[in-house]
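Open the model in your viewer and keep the sequence panel beside it. The stops below go from the whole chain to single residues.

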Amino acid sequence: MASSPENNASLSVQKATCPESSQAKKSQHAEEAIFYMNCRAAYLTVLKSSLENIKSKEQLSLVLQQAGRNPSQKTINKYWTSQTTTLNFDDFCTILKKEKPTTKTELLKAFGKIDTDNTGYILHDELYKILTMRGEKMSEDEVSAITKQVDFNCSGKLDYKKFCDLYMTTSEQCCKTAREKLEVDSRLRQQQFGSQAETSSEGIALPVAKPSPRISKKTDHKLAPTKGESRTPSRPSSAQSCKASTATTISMGASGNRSTKLIEPDTMKEWQCAQSKGCFYLEEDGEIISHKYKLHLPQRSTVCITIKPLNIHQVEGKSCHWLSVDTALYILKENETQENLQLVSFTEQQNKEMFGWKGELGSGVYWLLPFTTGCRLKKVKPRITGEAKLLYRGEDGELVLTKEFRAALLDIFETIDLDGNGLLSLEEYNFFELRTSGEKCDEEAWAVCKENFDMKKNELTRQGFMDLNLMEANDREGDPSDLWVTLLSLGYNKALEMTEACPFVIAIYAEKCKPRIKAIYLEAGSWQLNRAVCKSVVNKGEAKVMDGCEDIIIYTCKAGRRITSVIENKSENKVIIHVNNEQSKNCLNSRGLTVFAVEVAPKSLMVSQHVMPLNEQEEWLYNCVHSLLR
């Protein structure tokens with residue numbers, strides 16, 4: 001993708017008046033070019049071609065090591081889930097962006113926590129105990145392989161400063177060797193899949209957008225971070241290399257024009273209803289995970305399915321950031337196997353903050369997959385200067401939860417009480433545990449909880465949940481560190497505001513039978529969800545064949561207060577599509593850039609972007625140009 005300011009007068013003026021901004025962009029582009037070169041170098045050390053996919057956890061671990069990472073099993077499991085079959089090169093690049101290499105400072109700090117006397121050494125016996133009994137436990141042979149290295153061991157002690165030096169040197173050497181191999185092999189150097197596009201006038205290569213690492217299967221939907229504001233109208237910066245293009249313009253009114261086709265649930269009072277709560281959680285790397293559900297219908301019936309943000313009680317003066325987050329549900333029919341899910345529909349009708357779908361469903365099992373675009377639920381720079389107090393000691397010297405912390409815990413209880421009965425079952429509590437600690441509570445541990453905390457019908461009460469957190473604080477002698485780990489993982493900031501999560505509630509109304517809904521997973525968007533999003537846009541959206549290239553079709557679908565575009569590549573070759581939103585007004589999108597590029601695999605569909613109004617009280621204009629680069 002070429003940047004050609006010479007061909008655009010307005011951009012030239014802008015560049016002349018903002019030299020610092022232009023220089024910063026050049027520097028950023030150069031860094032990105034180097035990053036993608038290193039990605040390819042590491043990838044091609046393990047695989048024959050960047051077109052070849054990673055096919056196992058072991059291969060993923062190996063290629064990450066070649067890139068200077070040292071992934072734990074937890075990290076590998078994060079990207080290789082039960083639904084993953086392959087990961088492509090773009091997935092690998094996305095993972096490397098999220099998993100930063102360990103620095104020497106971080107290593108020394110970790111060892112320093114063990115070496116409390118600051119001697120620079122750790123006894124082998126102590127090291128053995130730690131590595132075989134804590135965290136991801138190592139085997140005796142693995143520990144022995146470390147302690148037998150003469151470079152950093154002597155007299156039964158590990159010189160961890162020398163160990164850190166050797167670790168960093170080895171890691172850097174792996175990356176250097178991979179780059180040298182790439183430079184020597186001209187055949188590999190010519191491969192451009194997923195890394196670099198056209199070269200700009202400054203000789204800087206720009207990156208192609210990358211997908212979520214969870215997405216695999218036959219259609220690899222390439223996703224990339226973007227967010228845009230209106231700027232001086234211009235042609236795509238890479239106009240010189242564009243072979244074909246198509247433009248889409250949609251003018252949207254203010255929020256007063258929201259759809260009201262959805263029948264109010266109040267009109268279905270005689271219908272039987274099932275409800276479940278859930279939550280979108282924003283990961284540290286920006287990925288969004290949520291609960292996923294199974295719906296059982298014993299017989300054919302007309303149903304109404306709705307989803308909306310959960311309006312839980314908040315402390316006075318605290319803002320409810322999540323209430324503006326867009327929510328949707330994709331309804332998929334389960335056939336012979338879970339792998340074979342058929343898209344039925346999605347909640348496109350809107351009534352205020354509620355989205356819903358009404359229609360007839362046959363008897364059987366359906367999957368309900370919650371979805372949010374990420375336009376509003378995204379990472380923001382914290383502006384909190386202080387830290388809320390969680391605990392204090394009463395007059396008797398005993399620890400007490402502060403009023404603010406108790407309020408936050410009540411909100412958390414309300415969110416994780418999925419069936420809304422005012423109690424936490426073991427199943428509900430385990431979703432909480434998986435989110436906050438990555439582990440599950442078994443029946444034996446639950447029995448211990450029953451002996452120590454208030455329960456009713458083998459389910460934890462609100463008071464029991466409060467007492468459990470107080471016990472954790474007492475176990476740490478008042479140190480709130482672990483409590484903050486829990487709060488931060490549930491989307492709270494240091495001011496006890498929920499800014500990186502969006503609780504929601506799902507309701508199913510059935511006219512002729514009693515529906516049943518059950519939360520099954522808490523994980524990132526699966527390939528089924530991404531395929532469902534693409535299919536829904538293709539089925540309901542407006543299709544435009546790209547001028548000059550009939551194999552490329554741009555689908556644009558308007559659903560409620562969001563617009564989604566999908567690119568279909570019918571050709572036998574991968575293509576790079578340049579996306580320009582510079583003439584859009586009052587818009588924000590799911591990516592993070594006003595102008596970006598995406599690579600579309602042969603014979604595949606992929607989401608280009610989701611767009612929503614920045615200010616819903618004002619009109620907004622969606623104006624997007626998709627151009628073929630090659």
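A contact here means heavy atoms within 4.5 Å. Among contacts in the protein chain between residues at least 6 apart in sequence, 73% join residues at least 24 apart. This is a predicted model, in which local features need pLDDT of at least 70 and side-chain atom pairs count only at pLDDT 80 or more, while totals for chains, interfaces and linings use all residues. Residues are numbered from 1 along each chain as its sequence is written, and side-chain values use heavy atoms, with hydrogens and water left out.

**Whole chain**

Select the protein chain and colour it by secondary structure: there are 16 helices and 28 strands. Helices (H or I, at least four residues) and strands (E, at least two) are DSSP runs, numbered from the N terminus. Of the 630 residues, 53% are buried. Buried means under 20% relative accessible area, exposed over 50%, and partly exposed in between (1.4 Å probe, protein chains only).

The order is β1-β3-β2, and the pairing is antiparallel. Two strands pair if DSSP finds at least two bridges between them. Two bridges join β2 to β3 (residues 157-159), and Cys154 stands opposite Lys157 in β3.

Now move to Asn118, in the loop between α6 (104-114) and β1. Its phi is positive, about 55 degrees, although Asn118 is not a glycine. Most residues other than glycine have a negative phi. Is Asn118 buried or exposed? Asn118 is exposed, with a relative accessible area of 61%.

**A pocket among helices**

Select α12 (426-436), α13 (443-452), α14 (462-475) and α15 (481-489): each supplies at least two residues of the lining of the second largest pocket. On a 1 Å grid over the protein atoms alone, a pocket is an open set of points where a 1.4 Å probe fits, with protein on both sides within 12 Å along at least five of seven lines; lining residues have an atom within 4 Å of a point. The volume of the second largest pocket is about 520 Å³, counted as the space filled by probe spheres set on the points, with grid points joined across faces, edges and corners. Of its 20 lining residues, Tyr429, Glu433, Ser437, Leu468 and Glu472 are the closest to the centre.

Which helix gives the largest share of this lining? That is α14, with five residues. The lining divides into nine nonpolar, four polar and seven charged residues. Ala, Val, Leu, Ile, Met, Phe, Trp, Tyr, Cys and Pro count as nonpolar, Asp, Glu, Lys and Arg as charged, and the others, Gly among them, as polar.

Then pick Asn458, in the loop between β17 (455-456) and β18 (459-460). Asn458 has a positive phi of about 65 degrees without being a glycine, and at 35% relative accessibility it counts as partly exposed.

**A five-stranded sheet**

For the last stop, show the open antiparallel sheet with the order β21-β22-β23-β27-β25. At its edges are β21 (542-546) and β25 (587-589), each pairing on one side only. Neighbouring strands are turned by 25 degrees against each other on average, direction ignored. Axes are lines fitted to C-alpha atoms, for helices over the stretch in contact, and angles run from 0 to 180 degrees between N-to-C directions.

Seven bridges join β23 (residues 562-569) to β27 (residues 604-613); in β27, Val611 is the bridge partner of Ile563.
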